[in-house]
Amino acid sequence: QVQLAESGGGLVQAGGSLRLSCAASGIISSINMMAWYRQASGKQRELAAIITTAGTINYADSVKGRFTISRDNAKNTVYLQMNSLKPEDTGVYYCAATTRGTPPYQYWGQGTQVTVSS
């Protein structure tokens with residue numbers, strides 16, 4: 001019922017910035033919480049940021065102060081502004097959504113590659 005499409009990934013140098021977008025379509029009114037996950041090569045997927053329809057936001061310690069999650073006015077697109085990027089930020093970034101108040105997430109995008117060179 002919900003489809004997610006990420007975009008905005010690319011190659012940047014350490015210290016640079018990148019903004020990821022997640023466009024939601026379908027029955028988006030049912031979404032309660034959305035999140036950005038990332039997975040580095042050879043490592044487990046980790047949570048980067050969460051935003052709820054009520055506006056509650058949480059960040060992983062590894063991205064606090066550098067990343068910002070936000071929504072557009074229509075609440076159908078979620079963004080992840082990434083500043084002061086580090087090589088360890090490299091990985092595939094996934095957008096996720098759920099109609100519940102807690103994980104697991106029911107809907108996932110295909111992911112977008114972010115590569116940060118040293």
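**Briefing: backbone exceptions and nonpolar cores**

S84 counts as partly exposed because its relative accessibility is 41%, where partly exposed lies between buried (under 20% relative accessible area) and exposed (over 50%), with a 1.4 Å probe and protein chains only. The model is predicted: local features need pLDDT of at least 70, side-chain atom pairs count only at pLDDT 80 or more, and totals for chains, interfaces and linings use all residues. Residues are numbered from 1 along each chain as its sequence is written, and side-chain values use heavy atoms, with hydrogens and water left out.

**Backbone**
- Most residues other than glycine have a negative phi, and most peptide bonds are trans.
- S84 is not a glycine, yet its phi is positive, at about 50 degrees.
- S84 sits in the loop between β8 (77-82) and β9; strands are DSSP runs of E, at least two residues, numbered from the N terminus.
- A cis peptide bond links P103 to P104, with omega near 10 degrees.
- P104 lies in the loop between β9 (91-98) and β10 (107-108).

**Nonpolar cores**
- A nonpolar core is a set of buried Ala, Val, Leu, Ile, Met, Phe, Trp, Tyr and Cys residues joined through side-chain atoms within 4.5 Å.
- The largest has 27 residues; L4, L20, M34, W36, L80, M82 and Y93 touch the most other members.
- Elements giving two or more residues to this core include β1 (2-7), β4 (33-39) and β11 (112-117).
- β3 gives the most to this core, with 4 residues.
- Another core, of 6 residues, lies apart from it; M33, A35, Y37 and Y105 are among them.

**Around L20**
- Beyond its neighbours within four places in sequence, L20 is in contact (heavy atoms within 4.5 Å) with residues including W36, L80, M82, Y93 and V114.
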